[in-house]
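Thanks for making time this morning.

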Amino acid sequence: MKHRITTAVLLLLLTVAAHSQGAIERLLPQLLACDNIDFREIVDCRPLFNDGKSYGFFINITPVGNLPEGLLDSLVAAFEYEYRFATESDRYRKHKDNSDSIFYTLAYNGTTHPEPNSSKLNVFNHSFNADIECAATLDIYDNKFHFSFRRQGKPDHKPKTDGKTYDAASLKALFSEIAADTLTKSVPVRYDITDGNYIGRWQFQYEEKRKTHCRGMRLEIPAKVASKVYARMSDAIESVNCATDQIYYYNKERNKINIIFGENWEGDVFCMRRMDDGRVFILHAETTPDSDVAIPIDWPTIDTINH
């Protein structure tokens, strides 16, 4: 198997790794840059966690060949280095018939075997206690792999993008600037639910499921200028991670990026999605006082909800 770990890669990581889980986290920007893997990245800066910050990065079951050559070797080498420093760790490796079966589970200041009735973090075939400081998993078998990384605190690998730190107000200003372009098509959206009936699929949905009154605008960017607009808005949303005093929830997938502000998701919402035909849609919505948020997962095609 061409992705089998090499001694040279392992020795390189042994030289550069400086602190626990650092060797793994340093590879996350390379994984984020991959065009043909389905990942999900989450930053939650609400005071629901021990220090109000939590980070997660997940890759679902993916063919090994979808990764650039050498990146999986580096990932395996990082786990090989880190497993000895974890509070708890499991490792299983088997080479047979030119294929690899490799399974790693790492836990820092936590356990991989929580009590049966306790709160758990369940990731693929792995479980951790809910207040774990850091956890990482890597499963490779049948030329496919699954990867996850979770930690408390903001991610170390999130640099400022253009030297500016954005918040809800500056994201709103950038949204308005994009909306003013003559090539942009703007459509007002209204999502009203007063009977507590939250049937459907939601990008954001507040858990108490009371009533919602969301007002906003959806922008459609034509394909010929969409790449530039997507990169600019994406960089702005990601740069929110640099600020230390904002309360927000952020998630990113290969062609989607979303952020919502407020401890109880009562602040501004920004969603962006890149379509298969090259167009980009951007949504900005706000809730009215005393209402919850409900943004449908198909917001690029839904203008109005009335319950």
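Let me begin with strand β1, residues 39-44, which is mostly covered, since five of its six residues are buried, where buried means under 20% relative accessible area, exposed means over 50%, and partly exposed lies in between, with a 1.4 Å probe and protein chains only. When I say helix or strand, I am using DSSP runs numbered from the N terminus, with helices being H or I runs of at least four residues and strands being E runs of at least two. Please keep in mind that this is a predicted model, in which local features need pLDDT of at least 70 and side-chain atom pairs count only at pLDDT 80 or more, while totals for chains, interfaces and linings use all residues. Residues are numbered from 1 along each chain as its sequence is written, and side-chain values use heavy atoms, with hydrogens and water left out.

Which strands does β1 pair with, if pairing requires that DSSP finds at least two bridges between two strands? One partner is strand β2, residues 54-63, which is antiparallel to β1 over six bridges, and there Arg40 has Phe58 as its bridge partner. Another is strand β12, residues 248-253, again in the antiparallel sense but over four bridges, with Glu41 standing opposite Lys252.

Now to the interior, where a nonpolar core means a set of buried Ala, Val, Leu, Ile, Met, Phe, Trp, Tyr and Cys residues joined through side-chain atoms within 4.5 Å. The largest such core has 59 residues, of which Phe147, Leu171 and Ile282 touch the most other members, and helix α4, residues 71-82, gives the most to this core, with seven residues. A second, separate core of 22 residues includes Trp202, Cys214, Ala294 and Trp299.

Finally, for the chain as a whole, there are six helices and 17 strands, and buried residues make up 50% of the 307 residues. Among contacts, meaning heavy atoms within 4.5 Å, those between residues 24 or more positions apart account for 65% of the contacts with a separation of 6 or more.

Methods. Two strands pair if DSSP finds at least two bridges between them.
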